[in-house]
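Subject: Structure for you to look at

Hello,

I am passing on the structure we spoke about. Please open it first; my notes on what was found follow below.

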Amino acid sequence: MEIPNTSESRRSCDRELRSETCSGIRGTESENVQLLAKDRLSSFPGDMNRYIRLRFRPPYHWEGMLAFLSARATPGVEVVEFGTYRRSISLNGRRGYFEVSLDEANTTLVVLLQFGDPSSLFFIIERVRNMFDLSADWSAIVGSLRADPILAGRVEAAPGLRVPGCWDGFELATRAILGQQITVKGATTIAGRIARTFGHSFSIANGLTHLFPPPEALVDANLASIGLPKVRAKTIRALARAVCDGRISFEGIVDCDAFLASLCEIPGIGKWTAQYVAMRALREPDAFPSGDLGLLRTLGLGTSGELERRAEAWRPWRAYAAMYLWNIASERRARGGQLVHTEPRARLSSKLLLPSVRPPLLAGRSTRNAHYRNARQP
């Protein structure tokens with residue numbers, strides 16, 4: 001069946017999308033309305049399928065986005081194949097999935113959404129936009145990165161690399177805990193076991209078999225039974241309990257520093273994990289895991305203090321610098337052999353696991369926010 005393509009259908013879709021946007025916008029920044037109102041929606045009559053075209057400013061490094069997500073795709077929950085990303089989702093007791101592909105000629109991502117609740121449309125669109133970093137303005141970002149001699153060549157060779165977000169903050173934080181000190185392959189394998197053992201089954205084709213478990217399913221879960229070390233199992237259960245108790249919420253974050261400080265109060269979550277969560281779950285463009293071993297090795301530096309001083313020149317876009325440095329590290333490992341993905345990981349230091357560590361995220365926050373607000377304008 002073809003997507004409706006008449007002028008009247010397009011006008012109808014625009015009206016529907018604007019209506020959904022305006023009805024669900026309370027508490028959301030006004031610039032999101034301007035961006036979302038320019039996206040395009042089509043639906044099949046009598047069907048739950050919707051096709052949504054989400055605009056972005058080129059360049060957009062789609063291959064880099066898919067490579068990052070593919071290496072970290074939770075088996076059964078996420079699938080990356082044939083230039084497409086697909087995952088299962090659950091909202092308000094309903095289940096569905098979405099699939100994202102690139103329409104380079106029209107500078108859009110095309111989202112196929114199968115979800116039975118039209119009232120959730122705005123929420124889903126906003127999450128997908130954040131997940132694929134579609135509001136970023138490359139022209140604003142590139143200036144800070146191009147000035148660095150190591151980043152300059154990579155920025156020119158692979159323009160438009162974005163910071164991958166996530167569908168769900170708790171899921172991403174759990175994934176970050178799993179990735180502490182192990183390879184991305186190992187963390188992905190364990191994430192798949194968690195989904196199969198504690199998540200709901202999801203009967204649909206195309207490789208999606210489960211939903212990632214919500215916090216309440218992991219509060220008392222026997223995570224050691226699937227091969228997870230006891231310390232990390234305890235950390236995940238503590239995180240799940242904090243979310244269920246309302247002490248941690250990944251929605252509506254106003255004070256990012258306060259949120260990250262609360263996150264670090266959970267034993268086993270330190271600065272590296274908190275900054276990684278800030279990058280991908282909170283969409284903080286200046287978040288920066290300065291204790292990451294891969295970043296230190298790529299730049300030939302010995303301490304996080306040295307890296308933080310080097311990174312001052314990249315503000316307010318240090319998260320994008322981290323993505324390029326991880327990209328450089330992956331390419332170096334690929335020379336002379338197959339590309340090997342490794343999980344960004346914390347520098348080995350007992351201090352990183354102390355709950356008293358408070359991540360100093362946002363020196364120059366007001367300047368960073370001003371830049372980012374400008375970047376989000378249509």
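Helix α6, residues 149-157, and helix α15, residues 318-334, have axes that come within 10 Å of each other and cross at roughly 80°. Because crossing angles of 65 to 115 degrees count as roughly perpendicular, α6 is roughly perpendicular to α15. On the α6 side, the contact is made by I150, L151, R154 and V155. On the α15 side, the residues are A321, Y324, L325, N327, I328 and E331. Sorted by class, this contact of α6 with α15 has 7 nonpolar residues, 1 polar residue and 2 charged residues.

Please keep in mind that this is a predicted model. The mean pLDDT of the protein is 82, with 76% of its residues at 70 or more. Two stretches should be read with that in mind. Over residues 1-34 the pLDDT is below 50, and this stretch has 43 contacts in the model beyond near neighbours in sequence. The pLDDT is also below 50 over residues 336-342, a stretch with 11 contacts beyond near neighbours in sequence.

On cysteines: how many disulfides does the structure hold? The number is 0. A disulfide is a covalent bond between the sulfur atoms of two cysteines.

Regards

Note on methods: Residues numbered from 1 in each chain as written. Predicted model: local features only at pLDDT ≥ 70, side-chain atom pairs only at ≥ 80, totals over all residues. Heavy atoms only, no water. Disulfide = S-S within 2.5 Å. Axes fitted to C-alpha atoms, helices over the stretch in contact; angles between N-to-C directions. Helix = DSSP H or I, 4+ residues; strand = E, 2+ residues; numbered from the N terminus. Parallel < 35°, antiparallel > 145°, perpendicular 65-115°, else oblique. Contact = heavy atoms within 4.5 Å. Nonpolar A, V, L, I, M, F, W, Y, C, P; charged D, E, K, R; others polar. pLDDT = per-residue confidence, 0-100.
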